[in-house]
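Here are my notes on the charged pairs. Please read them with the structure open.

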Amino acid sequence: MNERNLSNIPKTYSPSEVEDKWYKYWEENKIFKSEVDDSKEPYTIVIPPPNVTGMLHLGHILNNTIQDVFIRYKRMKGFNACWVPGVDHASIATETKVIKYLADQGIDKYDIGREEFLKHCWEWTEKYGGIIFSQLRKLGVSLDWDRKRFTMDEDYYKKVIEAFVKLYKSGLIYKGYRMVNWCPASKSAISDEEVIYKEVNGNLWYFRYPLLEDKSQYLVVATTRPETMLGDTAVAVNPNDERYKNFIGRKVLLPIADREIPVIADEYVDMEFGTGAVKITPAHDINDYEMGKRHNLQFINIFNDDATTNENVPNEFQNLDRFEARKKVVRRFEELKLLEKIEDYTNNVGYSDRGNVPIEPYMSEQWFMKMDELAPPALKVVKNGLINFHPNHWIKTYEHWMSNIQDWCISRQLWWGHQIPVWYHKTTGEIYCEVDPPSDIENWRQEEDVLDTWASSWLWAQDVFLTEEEKKYYYPTNLLVTAPDIIFFWVARMIIAGMYFMNDRKTDAEKIPFRDVYFTSVVRDDLGRKMSKSLGNSPDPLDVIEEYGADALRFTILYIAPLGQDVLFSPEKCEIGRNFANKIWNAGRFLLMNAENIKIDQSLVDEHIDFTDEWIISRFNRTIKLVDDALDKFDINSATKLIYSYVWHDFCDWYVELSKNRLYSNNEEVKSSVLTRALNLFEDMLKIIHPFMPYISEEIWHLLKERTDGESISISDYPKFDESKFNSEAESKFSFVESVVTSLRNIRGEMNIAPSKQINVLLKTNLLSSEQKNYIKSLARINKLTADVNADKPKASASSVIKDCEIYVPLEGVIDLDVEKSRLSKEISRLEGALKSVNEKLANEKFVNNAPKDVVEKEKTKQDDWNASLIKLKAILNELS
């Protein structure tokens, strides 16, 4: 694939010149293709299907990068890695967009009818449905694109319908009239999980309800929703509330509606809320609904499906938007002198996630799935550890929800989706439920509703596989990576589906849809705010990729994402990944440029080895083991830090530098041995980098040697750690060298000694070998290095102490001692003056108590930093005296 021109390797890594080239290569050579192969153990992930018309956001980046790391890692480990891509039809989201698109052209959904509307939906998905796939390719994900699935594909559609029919015939699906969350925007029921609660600053209105037998007396009720009083059928008080004992059993006259309603007693009533007397609207409040059932109250629905008032309210209040009705009701109470008072009140209001409007609790006939039989097996497999959650604190959340689960409202009043396979006989009313429609279809009317989107995607893990052979091989899948906010929407329901529909399998371990669930972090901005378009704090990932490269974005978002903690992201943080990529590139470029003049000879790879080689080999093997352990525990964040530390610190900063002495020697065999070994280590290092940064690792891997067409680092063997290569003695030897050189570099900085200036060094130790001595002299630019366990500190010398060694650097003749003493004295005086000012400020209680907290903290930080600097400067001045 790549023409190896070692003399022309660019000085800097340019992602834009590399990424598209390699993704095309991977696709053309079917690198990500997986087929049933009984000689290999499968490792399977199904992608959480994004909305078909969705666009990539940073949550997708984190989620899909994590999946890709595990798939690439397992593929290189020899597993038959299969990652299935796909998209969800997203009923409400897609239908809402198509309705708006048609409305902009003056077309109404109901005017054109269902069949024509669905044509527009298909056109919309075909036009926009591929965008997110092309965006995912930019990220470098290794999905098996030949397996692309869509929840509205013919075969998948049939599986969804078959599942409904099986459940219906088993008595687990029924139709019922009950209260649901109603979205007036989409005119459809939505689930509890699709309701988002927002804090709203509103009002609490106090209304007087006159007693029927004596209208001079009244009960005062408090409400946040005045318009619903038109549907009141009772006033409730707590039976233990002494204020209202004489009112229980009497009646009040409901103003405006002129309806007689009873005063009832119910212990649910909170005596502390409002006046302790509450209006009861059983058809428009979930708690009132339950109370209405307990007391056999009348249920009066006052809203149409768009939340306008209907014919069940007085004429003058009919056909009003609910918020207009609210204003009109309040005005009428004022006119009737029945408005006691209005208070400011902060309330948590439920909003439709998709419609972004307040939901209405609404009585409606819907299809429900019984959960009391389906939930327990799905709870058991999580509690007994057959399915593991990462982090595991989500088990408690799951257990609580599953133990208190309600029947699932699975019908939606939409057209785009899986139409419920139920037909009603036009004459007899008979119900027919089968996969195929009745033969005399002209005599039947099909149910209008479609299934909740989640009632199709809950089959995703099992029904993305088209044949029983594939399902037997790839299912259960290994890992699900998902956001925690859909633990109930999707995760729980997929487990339920697996336990129910895979019941032909003998054990629970074979029925579960996945073995591990990785819950991703929430990506927020630097201020901790959730990212949103309205705040303008949600960068387009493609812009970030264009500026920094896909590898930089991938690595950075994993590096800053500890398991179970929020990610505070800003595009600038991708400097971490970009700088890391450049570090890798520069090390590779240095080694390859040396390969122009030094022969690579594998027969010499184990020759001329010293402790620095043993150290780096030991560190590499330990790193492989630690990365394996981290990934086995799904601690992908620690894995990135382990790789970063080894690559940046051990290999690039130290081993490459340590190798230069021998690479620049006159012994050709030594040079060949050192470079061959370094390039081998570098190639293996690229392999552990590859799952995280696939593009740069592929690019350099092809530069290292000639490759045949179709070869890829993606399908090369992942390095295996070898415990026999762990070498504590070599690591200890290197650690000594590192500590001495680092201390000497610090002394140079503190004493203003030029980097090019040769120095003399005295080490008080008996641990120094000749090899260590040579490396220390070279790296620290030392003229004379003496090791003497009985040495005394020379006059006017700088010193440092490390484990088992004192370090002395005589300064006479190296720097002008008088000039340096004068400089240090002036700096000490300056700092003492500045510190005095800060101390006075922080001793002033008025400043500390009244200044902004961050200002006070800044002053305290200055105080700590300057105190530390003074101690150090005085110690240095003392050494010069």
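1. The model discussed here is predicted.

2. Begin with the pair that needs this term. Arg147 and Asp144 form a salt bridge through their side chains, at 3.2 Å from N to O. Both Arg147 and Asp144 are buried.

3. Now the pair Glu447 and Lys175. Their side chains meet in a salt bridge, with an N to O distance of 3.0 Å. This pair joins distant parts of the chain, 272 residues apart. Glu447 sits in the loop between β20 (444-446) and β21 (450-451), while Lys175 belongs to strand β5 (residues 173-183). Glu447 counts as buried because its relative accessibility is 5%. Lys175 has 32% relative accessibility, so Lys175 counts as partly exposed.

4. Asp20 and Lys138 form a salt bridge, and their closest N and O atoms are 3.3 Å apart. Asp20 lies in helix α1 (residues 19-28) and Lys138 in helix α5 (residues 131-139). Here too distant parts of the chain are linked, 118 residues apart. Asp20 counts as partly exposed because its relative accessibility is 49%. Lys138, at 36%, counts as partly exposed.

5. Which residues does it link by salt bridges? They are Asp610, Asp613, Arg662 and Arg677.

6. Last, the overall count. How many salt bridges does a search of the whole structure find? The search finds 59. The pairs Arg147 with Asp144, Glu447 with Lys175 and Asp20 with Lys138 are salt bridges to inspect.

Note on methods
Residues are numbered from 1 along each chain as its sequence is written. This is a predicted model: local features need pLDDT of at least 70, side-chain atom pairs count only at pLDDT 80 or more; totals for chains, interfaces and linings use all residues. Side-chain values use heavy atoms; hydrogens and water are left out. A salt bridge is a side-chain nitrogen of Lys or Arg within 4 Å of a carboxyl oxygen of Asp or Glu. Helices (H or I, at least four residues) and strands (E, at least two) are DSSP runs, numbered from the N terminus. Buried means under 20% relative accessible area, exposed over 50%, partly exposed in between (1.4 Å probe, protein chains only).
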